Amino acid sequence: MPSSVVIKVGGIVLTEGYTYDSATGVIHIDGAKITGPVVIIAAEDLPEDYSVTENIKNGVYIGGGTAIKGIEYSASITVSKGYLLPSSITVKVGGVTLVEGIDFTYNSETGELTVFADKVTGNIEIIAVATKIVFTVSGKIDDSVFTGEPAVYGEDYQMTLIPLDGYMLPKSIIVMVDGVIITDGYTYDYFTGVVHINGIKVLGEVQIIAKMVEVPVVPEMPKTGDSAKTDLLFGLIVLSGTTLIVSRQKKRRVNN
């Protein structure tokens, strides 16, 4: 019987969760460890092995640190919270960059990667960079729709609302994240129009809704004419929401 064996499950070498009795040849693998195809290699038949190094920015590499010559190598990448799996990765064997789809496969949705058996001929290096999740920022001011600069997951976001001529900023606005109105975690200055959203709230698409206020137009008061018989009109201004209502009342004629 071989003095030892190498057991791979789903392409990953097990370092625990199994026993091997070299006297009887009995191998026992814990059920919890059987999560994929099982390959057992006897020590006498072990081919040359190679080291596997990884450089994953903003993520974690899950896989064995050793690859065996002529045996398919599999691993996976997970990313930190707020990051997206990279759309592509770099895999090198013996310092030579492999071609995705021909020499290895990578799934950008699951992070799983496989180096084909015939390409495992030297030390393997895996390089990947995960990117921050970015959300769109949109809004509605009165009947106009706008799109702002993108917001980055978990980072503070700031923008400025600027009213058109003839309008002024409203005293309050509505801020929504992922379709849900938030009532805290942001500030709005209706003097400057600056909206600041705390990073802890930037967890989804951002939408800002505001209704600008029309600047009231004060009518000119009628000038008193040379004739004392001129009718005098006094304007009474009534503000209702954003609507300016001018009510004119005729004053009694004054006769000399």
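Two rings of Phe, Tyr or Trp (for Trp, its six-membered ring) count as an aromatic pair if their centres lie within 6.5 Å; planes under 30 degrees apart are called stacked, over 60 edge-to-face, and the rest tilted. The structure holds 2 aromatic pairs. Select Phe 135 and Tyr 153 to see one of the pairs, which is tilted, at 6.2 Å centre to centre and 45° between the planes. Phe 135 belongs to strand 17 (residues 134–141), and Tyr 153 to the loop between strand 18 (144–152) and strand 19 (157–160), so the pair links distant parts of the chain, 18 residues apart. Strands here are DSSP runs of E with at least two residues, numbered from the N terminus.

This is a predicted model: local features need pLDDT of at least 70 and side-chain atom pairs pLDDT 80 or more, while totals for chains, interfaces and linings use all residues. Residues are numbered from 1 along each chain as its sequence is written, and side-chain values use heavy atoms, with hydrogens and water left out.

**Strand 17**

Colour by burial next: buried means under 20% relative accessible area, exposed over 50%, and partly exposed in between (1.4 Å probe, protein chains only). Phe 135 and Tyr 153 are both buried. In a regular strand the side chains alternate between the two faces of the sheet.

Opposite Val 137 stands Val 206 of strand 25.

The bridge partner of Thr 187 is His 196 in strand 24.

**Strand 1 and its neighbours**

Move to strand 1 (residues 5–9), where 5 of its 5 residues are buried. Val 5, Ile 7 and Val 9 lie on one side, Val 6 and Lys 8 on the other. Strand 5 (residues 38–42) pairs with strand 1 in the antiparallel sense over 5 bridges, and Val 9 stands opposite Val 38. Strand 2 (residues 12–13) is also antiparallel to strand 1, over 2 bridges; there the partner of Val 9 is Ile 12. The hairpin of strand 1 and strand 2 has 2 residues between the strands, and Gly 10 takes a positive phi near 60°.

**The largest pocket**

Which residues line the largest pocket? Select Val 9, Gly 10, Ile 12, Val 13, Leu 14, Thr 15, Glu 16, Ala 32, Lys 33, Thr 35, Gly 36 and Pro 37. A pocket is an open set of points on a 1 Å grid over the protein atoms alone, where a 1.4 Å probe fits, with protein on both sides within 12 Å along at least five of seven lines; lining residues have an atom within 4 Å of a point. The space in this pocket is about 220 Å³.

Finish at Glu 16, in the loop between strand 2 and strand 3 (18–21). Glu 16 is exposed because its relative accessible area is 52%. Its C-alpha is 9.1 Å from that of Asp 30, which is 14 residues away in sequence.

Technical notes:
Helices (H or I, at least four residues) and strands (E, at least two) are DSSP runs, numbered from the N terminus. Two strands pair if DSSP finds at least two bridges between them. Grid points are joined across faces, edges and corners, and a volume is the space filled by probe spheres set on the points.
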